[in-house]
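Thank you all for making time for this. I would like to walk you through one model, and I will ask you to keep the coordinates open while I speak.

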Amino acid sequence: MDYTVAMQRAISLSLQGLGRTSPNPIVGAVIINSDGEVVGEGFHDRMSSPDHAEVVALKIAGEKAVGATMVVTLEPCNHTGQTGPCSKAIAGAGISKVVFAVIDPNKKAAGGAQALRDLGVQVESGVLGSQAAYANRAWLTKIEKSRPFFTWKVATTLDGKIAATDGTSQWISNEKSRNDVQLLRRQADAILVGTNTVITDNPHLIPRGDFPGFTTNPLRVVCGEQEIPTTSKIFDNAAPTLQVKSKDLGILVAELNKTGVNQVLVEAGPTLATAMLNQGLMDELVMYQAPSLLGQGKSFVADFGANSIDQKMVLDHISSEVIDGDVKSIYVVRGEK
C-alpha cells in the first residue's frame, strides 16, 4: 500500500502543534484500516494533554485500531516520561503495522521501531522523511546542536532597509504581511529582541489575532547590557519575560536551553542579529520585502566582515510567495561564506 497520502496528512496534523509542544517534538499520527480509510488521527498538543500523537489517534480509533496501520511522522517513543512508551500503547491496541517518517535521534526516547518489532508489529520507515524532518526542523536541530532553532524575521524595502534615516519604520510591510508575522509569533516558543529594540520601539511581543486553543503566549526574551525601562510593555503579565543581561551569546543559549524551548523567533535589530549570524546561530531567514525603495537608512544586516564578493554569505532559498504585493521568502542560513 502507498502511505504517501496518509503521511502527508500526518505531517499536516503535526504542524498544528507548532508553538504547543515545547520541549517535545511536533508529531502527527493517522490510523488507517485495510481499506485505507482513516479511523483515527491526532497530533501532540502539550497545552491540552500530555498524550502523544499516537495515543490521541488510538483513543479516537478505539476498537478499530485492531489490525490497522498507524502512519506517524516520528518514530514512536520507547521510554517512560510524563506518559508511558508509545511503542507499548500501539502494540497493546492491536495495531498490526507502523509506518513512520523520521528516526527519533533522542537517545532517551529512541528504540521504538525495534521495540515494536519485538512485540510483533510490522514496521516501515522513511516515508516522506525529508518533508517530515523539515516540518520538525526546530526540534531536530535542538537535539543535534543542543540549542534552540533560531528563525530570523525581517521586513525590508527592496534595497534591504528596515528604517529610514530619521528612524521611522512603521510600516514597511503591508497589513497582510504583518498578520502573517503574527502566525510566526504564535508558532514560536520564544521571541527574541535586543535591548535597543525595547528602548527604541517598546514592543509588546505578543501574537495578535485569534488563535484558539493556545493557553499561553511565547516566552519573551531580551538580550543585551543596556538598561531598559521597567515600564516597558515586555514586563507586563501577558507572557513571561527572560532578560539576559549580557552580550555573550553563549550565555543567551545556555539560558534558553534551561527553558526547554524548541524554536526562537528573532525580531532583533541588525547588531544582535548579525552577531548571531557571525556565530552560526541563525538557522533560517524569513524576509518580507515590500515593493519600495529608501536609498538611505538602516540595513537589516550589519557588517560581518565581507570585503570582497567571494566573501559573501550564501543562503539556500526554500520558498517565496507574494502577499498582497510584498514578497515573503524563506532561506536556510548555512553560516558559511
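**Glycine 111 and its surroundings**

Let me begin at glycine 111, which, leaving aside residues up to four places away in sequence, touches Glu75 and Asn78. Please keep in mind throughout that this is a predicted model. Glycine 111 sits in the loop that runs between β4 and α4, the latter being residues 112–118. Is glycine 111 buried, partly exposed or exposed? With a relative accessible area of 29%, glycine 111 counts as partly exposed, because that class covers what lies between the 20% limit for buried and the 50% limit for exposed. Proline 76 is 35 residues away from glycine 111 along the chain, and yet the C-alpha atoms of the two are separated by 8.3 Å.

From that loop we can turn to the sheet. Here 5 strands form an open sheet with mixed pairing, and their order is β2-β1-β3-β4-β5. The edges are taken by β2, residues 38–43, and β5, residues 122–125, and since each of these has a single partner strand, one side of each is left without a neighbour in the sheet. On average, and with direction ignored, neighbouring strands of this sheet are turned by 15° against each other. Within the sheet, β1 (residues 28–32) pairs with β3 (residues 69–74) over 4 bridges in the antiparallel sense, and isoleucine 32 has threonine 69 in β3 as its bridge partner. Lying across β1, β2, β3 and β4 (97–102) is helix α1, residues 4–15, which runs at about 145° to β1.

Next, the packing. The largest nonpolar core has 42 residues, and those touching the most other members are Met7, Ile31, Met70, Ile95 and Val98. What does isoleucine 95 touch, not counting residues up to four places away in sequence? Its contacts on that basis are Ile31, Leu58, Ala65, Ala68, Met70, Ile90 and Val121. There is also a second, separate core, made up of 29 residues, with Leu242, Leu256, Val264 and Phe300 among them.

I now move to β6, residues 149–156, a strand that is mostly covered, with 7 of its 8 residues buried. β6 pairs in the parallel sense with β11, residues 263–266, over 4 bridges, and in that pairing threonine 151 stands opposite leucine 265. β6 also runs parallel to β12, residues 284–289, to which 6 bridges join it, and there tryptophan 152 has leucine 285 as its bridge partner.

β6 also brings us to the open space in the model. The largest pocket holds about 1300 Å³ of space; it is lined by 47 residues, of which Thr197, Asp201, Glu267, Ala268 and Gly269 are the closest to its centre. At least two lining residues come from each of β6, β7 (161–163), α7 (175–187), β8 (190–194), α8 (195–201) and α10 (270–278). Which of the elements gives the most to this lining? That is α8, with 5 residues.

Note on methods: Residues numbered from 1 in each chain as written. Predicted model: local features only at pLDDT ≥ 70, side-chain atom pairs only at ≥ 80, totals over all residues. Heavy atoms only, no water. Pairing = 2+ DSSP bridges. Axes fitted to C-alpha atoms, helices over the stretch in contact; angles between N-to-C directions. Contact = heavy atoms within 4.5 Å. Core = buried A, V, L, I, M, F, W, Y, C linked by side-chain atoms within 4.5 Å. Buried < 20%, exposed > 50% of the residue type's maximum accessible area, 1.4 Å probe, protein only. 1 Å grid on protein atoms, 1.4 Å probe; cavity = no way out; pocket = protein on both sides within 12 Å on 5 of 7 lines; lining within 4 Å. Points joined across faces, edges and corners; volume = space filled by probe spheres on them.
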